[in-house]
Amino acid sequence: MATAFVPGSVTHGGGALPRLWSGRAWALMGIAALILFVIVPVGNILVPAGSIFHVSDYTVTLAGKIMCYAIVALAMDLIWGYTGILSLGHGLFFALGGYAMGMYLMRSIGHDGVYKSDLPDFMVFLDWKTYPWYWSFTDHFWYAALLVVLVPGILAFVFGFFAFRSRIKGVYFSIITQALTYAFMLLFFRNDTGFGGNNGFTDFKRILGFPITAPGTRVVLFMITGAALIGFLFLGRAIVTSKLGRVLTAIRDAETRVMFSGYNPVYFKLFVWTLSAVICGIAGALYVPQVGIINPSEMSPANSIEIAIWTAVGGRGTLIGPVIGAAVVNLAKSFFTQALPEYWLYMLGLLFILVTLYLPRGIAGLWTRKNQ
Amino acid sequence: MAGGDAIARRSGASDGHVVTKGVDTSHGAILYLESVSVSFDGFKALNDLTLTVDAGELRCVIGPNGAGKTTMMDVITGKTRPDAGTAFFGQSIDLTRLSEPEIADTGIGRKFQKPTIFTDHTVFENLELARKADKRVWPTLRAKLDSVARDRIATILETIKLAPEADRLAGLLSHGQKQWLEIGMLLMQEPQLLLLDEPVAGMTDDETMRSAELFESLAGDYTLIVVEHDMDFVARIADRVTVLHEGHVLAEGSMQHVQKNEQVIEVFLGR
């Protein structure tokens with residue numbers, strides 16, 4: 001081509017690509033790790049209950065639960081914030097991961113159930129004599145762990161393949177995901193499905209042989225959840241700062257240009273959609289042993305909408321924003337549902353409206369605006 | 001005169017300089033449309049359209065609204081499947097069997113009427129994403145930007161005169177700059193054939209003039225098909241002009257030739 005290439009223009013001609021983390025982000029990550037792995041465990045186990053430095057069991061469980069939600073919000077941000085695909089069915093993947101772990105926890109109860117049977121109480125109640133075939137091997141932790149990843153992953157992959165190949169987009173995609181989670185909720189409500197009907201799974205006794213309600217087990221579960229959250233933040237950041245991440249955002253902003261640039265958006269969407277579902281499944285699997293229950297209400301459409309709200313409140317397309325959003329909304333929720341239980345849904349709606357009107361870029365947007 | 005200079009350069013190029021990797025242009029032509037018909041709900045957008053474009057040519061396509069210009073581009077780029085007829089890229093690539101990304105990958109770049117760029121990415125990143133590369137998921141995830149790529153991007157930044165804007169978000173560019181960025185993105189794809197839908201719409205006179213210079217410099221190395229309403233612009237740059245009307249070719253030849261055609265005068269000026 002007939003253009004003069006100026007040597008050296010490479011250096012002053014720009015072309016800075018996003019870095020993995022800024023120095024400040026590394027520092028914040030260090031502080032988070034200190035709180036997660038030192039302050040909370042020591043405060044819960046070693047500091048006596050009377051001390052002001054004591055961290056109560058309630059706090060540990062609440063924080064662990066909120067971190068699970070934060071992981072879900074992070075997964076939502078990958079698909080919605082970065083790729084522009086609003087899923088209103090992410091609660092399904094979370095619940096499926098939870099159920100897979102729940103199956104293992106049910107099998108671990110052993111003969112300590114009310115009926116002292118080989119089978120879980122709800123199966124005895126239904127007069128079942130053996131486990132259905134899909135409960136095979138779920139007494140092995142690693143098999144259950146595999147299901148945690150595979151069940152949401154395969155469902156998302158198959159559903160996503162057909163939806164993206166048919167070029168279903170925008171609000172249509174959102175509505176279909178909503179219908180999907182609703183259909184699964186109805187399925188799981190049925191006793192015949194073999195997952196405990198509307199009671200789901202509860203009364204867990206132990207995990208990998210450790211008593212599930214013991215303080216030590218709780219703190220370990222809390223720390224694993226914290227490590228998973230930090231790990232997924234790294235993974236998410238690595239993805240969005242890669243060329244693939246830039247393609248995802250490009251799909252959000254101008255999908256036709258992506259196609260006419262030679263990328264097939266179907267496979268890029270499928271990648272991030274499946275990954276997002278798997279991350280949700282893992283979050284669900286961490287959630288169930290800490291909360292001690294999983295039932296079909298986790299698949300209710302309202303739950304999935306709440307996930308979108310956490311993400312929007314925190315700030316889409318920032319990764320850390322949705323983590324903060326999940327924490328803020330759920331702390332507010334645990335406060336309001338105790339103080340003013342009837343008003344929580346109004347508060348949630350109000351919060352969503354206020355954020356949409358005054359903070360279109362969410363809580364994280366406050367911080368970036370100050371920096372500009 | 002700049003125009004004459006460009007024509008000389010162009011004919012020199014078509015004597016054997018034309019880049020033909022991947023696409024078989026041994027018979028001189030790079031694009032064959034034969035008896036292509038497309039109808040939407042009974043409306044014949046393309047009606048038995050036959051068109052051949054030579055490698056290295058700068059072809060302008062003109063015609064009144066609804067003549068089928070955009071539908072023709074849709075057929076070439078795989079966005080619309082013809083009801084009848086064939087579309088070949090070079091001697092052997094059947095465009096009617098490929099998807100949009102596959103067609104882009106074989107070497108056809110398309111610029112839309114409305115600038116279509118990645119507004120939340122910097123100018124540099126826009127070019128980086130468009131660059132010819134293995135565009136499957138895993139290679140994209142692992143892709144690293146090497147110095148060859150950086151040099152190539154720097155070259156294109158100079159070509160489209162956006163080097164000072166490299167780190168700006170593309171959404172913040174002026175309309176004309178966006179048009180140029182999109183053209184730059186096409187060039188990054190290293191295509192054989194460029195389809196440009198009204199590339200100078202909304203540009204200032206100065207920008208239009210610079211675009212004309214750019215397109216003239218590209219012809220020869222690339223084959224260009226330009227759809228444009230600006231007749232002065234067409235008269236300035238075109239080797240050959242194809243006039244479309246009601247989905248088929250009404251006239252074809254040099255600008256002077258088609259301007260004298262009775263039917264063309266009738267269609268454009270009314271009787």
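Two residues are in contact if their C-beta atoms, placed from the backbone, lie within 7 Å. The exercises below concern a predicted model.

**Exercise 1. The domains of chain B**

Task: State how chain B is divided into domains, and how many residues of domain 1 of chain B are in contact with domain 2 of chain B.

Solution: 
- Begin with the bounds. Domain 1 of chain B covers 2-107 + 193-269, and domain 2 covers 115-190.
- Next, take the separation: the C-alpha centres of the two domains lie 24 Å apart.
- Then apply the contact criterion. Eight residues of domain 1 of chain B meet seven residues of domain 2 of chain B.
- Finally, sort the domain 1 side by class: four of its residues are nonpolar, two are polar and two are charged.

**Exercise 2. The contact between chains A and B**

Task: Describe what each chain brings to the contact, and which helix gives the largest share of the side of chain B that touches chain A.

Solution: 
- Chain A contributes 33 residues to the contact and chain B contributes 38 residues.
- On the side of chain B, at least two residues come from each of α3 (100-106), α4 (123-130), α5 (137-142) and α6 (147-159).
- The largest share, eight residues, belongs to α6(B).
- The class make-up of this side of chain B is 17 nonpolar, ten polar and eleven charged residues.

**Exercise 3. A glycine of chain A**

Task: Locate A:Gly262, decide whether A:Gly262 is buried or exposed, and list the residues A:Gly262 touches.

Solution: 
- A:Gly262 sits in the loop that joins α9 (243-260) to α10 (265-291) of chain A.
- A residue is buried if 20 or more other C-beta atoms lie within 10 Å of its own. A:Gly262 has 25 C-beta neighbours inside 10 Å, so A:Gly262 counts as buried.
- Leaving aside residues up to four places away in sequence, A:Gly262 touches B:Pro101, B:Ala104, B:Asp105, B:Lys135 and B:Gln189.

**Exercise 4. Two helix pairs that share α8(A)**

Task: Classify the packing of α3(A) and of α2(A) against α8(A).

Solution: 
- Take α3 (residues 57-82) of chain A with α8 (residues 215-240) of chain A. Their axes come within 9 Å and cross at roughly 20°.
- Angles under 35 degrees count as roughly parallel. The helices α3(A) and α8(A) are therefore roughly parallel to each other.
- The crossing of α3(A) past α8(A) is left-handed. This contact has 18 nonpolar, five polar and two charged residues.
- Now take α2 (residues 23-46) of chain A. The axes of α2(A) and α8(A) come within 10 Å and cross at roughly 175°.
- Angles over 145 degrees count as roughly antiparallel, and this makes α2(A) roughly antiparallel to α8(A).
- Contact residues of α2(A) include A:Met29, A:Leu36 and A:Phe37, and those of α8(A) include A:Val219, A:Phe222 and A:Ile230.
- The contact of α2(A) with α8(A) has 13 nonpolar, three polar and no charged residues.

How values were computed:
Residues numbered from 1 in each chain as written. Chains lettered and ligands numbered in written order. Predicted model: local features only at pLDDT ≥ 70, side-chain atom pairs only at ≥ 80, totals over all residues. Helix = DSSP H or I, 4+ residues; strand = E, 2+ residues; numbered from the N terminus. Buried ≥ 20, exposed ≤ 12 C-beta atoms within 10 Å, placed from the backbone. Nonpolar A, V, L, I, M, F, W, Y, C, P; charged D, E, K, R; others polar. Axes fitted to C-alpha atoms, helices over the stretch in contact; angles between N-to-C directions. Parallel < 35°, antiparallel > 145°, perpendicular 65-115°, else oblique. Left-handed = near helix turned anticlockwise from the far one by under 90°. Domains from an automatic or database assignment.
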